[in-house]
Amino acid sequence: MLPAMRHLVLAGVLTPLAIFAACAPSPLPSPAPPGPLPAASAPSVDPSPAGPIADAGVSVDDAAPDGAHAVADPAAELAWARERWPQALSPVDTESHAAELSAWVSAGSEVKIWFTGEKLRCRPGVAKPSATEGELDLKVFVTQKRTKGVRVRDFVSGTAGHLLWFGGGGGSERQLADGTWEESGAWGKSDQPPLGVLAHVDPVVAHFSGMLVDISAWCDGPLQQLACPGGGKRDCDTCKDVKLQIQERPMGMLGLGSMAARAATTDCACPDAPNPDVARANALFRGLEAWTSKAPGAGVVAVYRSAAACKADGRKP
């Protein structure tokens, strides 16, 4: 965001200072007289007419410093935005269903689950409450074998809440004589993105079929042609129409909110008269964790409470 800058030109007169050296062997030479002062240039005047015209080179929200537009009531502002742009925001959701998912498991216990996703289909595992409120720790068993008479199984771990994180760690377990299991090895890796947003949960299944999105508001015309002070003309955005740009956020990246300014097409800048809806909308969207459903053809990523429910879902991971 580029803050508005103003320059003040001050014109002044330099007065030569005579320097005398008393009681010195020889007098110091006087400084050379100053040259003529440059003539003050008259300020340039933009002949563009006044009117509701926004800067075509910069998103009007970028002229406001961070935090300048605090959202006192996000719910009311979201209702306003949905009424203002009903079609654009119809597929966008901001609700989290993490509390409904965490209700699957009571504190201090664990439940059996079946996982589909990341080329795995209906693999058994367990889920238990995480140290982070509203999340479950997952352990999905991917292979099982017997080595020298001992049953050994490999697992991949994850965390399920508003987002599903899976594949960032795992390990091995071996079965003891009393039938219990103990971990015998572990591994981990960094920079593993989440697989999806929790879009639906009920007592049987949790679908992580959502994707995070970033939303920005922009001036969208119509354009008005204005004269430049040095000659020529340029097209300026009147900002009477405001458009929303909704784009998928790469999983694992922080929200970007209002994106960088559009590039200016001329050195002759347009006068700034922003539509207040742009700044109002961008202040709202910066603070929202917005998401939409993935395309219908996207592979399923889900956690099931029973093997039967998992097998009944014929979609592929």
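Cys 228 sits in the loop between strand E11 (223–227) and E12, and Cys 268 in the loop between E13 and H4, so the pair ties together parts that are 40 residues apart in sequence. The two sulfur atoms are 2.4 Å apart. Both Cys 228 and Cys 268 are buried. Buried means under 20% relative accessible area, exposed means over 50%, and partly exposed is in between, with a 1.4 Å probe and protein chains only. Helices (H or I, at least four residues) and strands (E, at least two) are DSSP runs, numbered from the N terminus.

A word on the model. It is predicted: local features need pLDDT of at least 70, side-chain atom pairs count only at pLDDT 80 or more, and totals for chains, interfaces and linings use all residues. Residues are numbered from 1 along each chain as its sequence is written, and side-chain values use heavy atoms, with hydrogens and water left out.

Back to the cysteines. The whole structure holds 4 disulfides. One of them joins Cys 236 to Cys 270, with the sulfur atoms 1.9 Å apart. Its S-S torsion is about -90°, so the Cys 236 and Cys 270 disulfide is left-handed. Cys 236 lies in strand E12 and Cys 270 in the loop between E13 and H4, so this pair ties together parts that are 34 residues apart in sequence. Both Cys 236 and Cys 270 are buried.

Another disulfide runs from Cys 219 to Cys 239, at 2.0 Å from S to S. The torsion about the S-S bond of Cys 219 and Cys 239 is about -70°, so the disulfide is left-handed. Cys 219 is in strand E10 (residues 210–219), and Cys 239 is in the loop between strand E12 (233–237) and strand E13 (242–248). This pair links distant parts of the chain, 20 residues apart. Cys 219 and Cys 239 are buried. With the bonded cysteines of the protein chain numbered in sequence order, the pairing reads 1-8, 2-5, 3-6, 4-7.

Now turn to the nonpolar cores. A nonpolar core is a set of buried Ala, Val, Leu, Ile, Met, Phe, Trp, Tyr and Cys residues joined through side-chain atoms within 4.5 Å. The largest has 22 residues. Leu 101, Phe 115, Leu 138, Leu 164 and Phe 208 have the most contacts inside it. Five strands each supply at least two residues of this core: E1 (111–117), E2 (120–129), E3 (136–147), E4 (150–160) and E5 (163–175). Apart from it lies another core, of 19 residues, including Ala 81, Ala 217, Leu 288 and Ala 290.

The aromatic rings come next. Rings of Phe, Tyr and Trp (its six-membered ring) pair if their centres lie within 6.5 Å; planes under 30 degrees apart count as stacked, over 60 as edge-to-face and the rest as tilted. By this rule there are 2 aromatic pairs. Phe 115 and Phe 166 are stacked, at 4.3 Å centre to centre and 25° between the planes. That pair links distant parts of the chain, with Phe 115 in strand E1 and Phe 166 in strand E5, 51 residues apart. Phe 115 and Phe 166 are buried.

Trp 80 and Trp 85 form an edge-to-face pair, at 5.5 Å centre to centre and 80° between the planes. Trp 80 and Trp 85 are buried.

Two arginines also meet rings. A charge sits over a ring if NZ of Lys or CZ of Arg is within 6 Å of the ring centre and within 35 degrees of the ring normal. Arg 153 lies over the face of Phe 141, at 3.8 Å from the ring centre. Arg 305 lies over the face of Trp 104, at 5.2 Å from the ring centre.

Trp 80 leads on to helix H1 (residues 74–84), whose buried residues are Glu 77, Leu 78, Trp 80 and Ala 81. They cover an arc of only 160° around the axis (taken from the directions from the helix axis to the C-beta atoms), which puts them on the same side of H1. On the other side of H1, Ala 75 and Glu 83 are exposed. The buried residues of H1 pack against helix H2 (86–89) and helix H4 (276–286).

How values were computed. Contact means heavy atoms within 4.5 Å. A disulfide is a pair of cysteine sulfur atoms within 2.5 Å.
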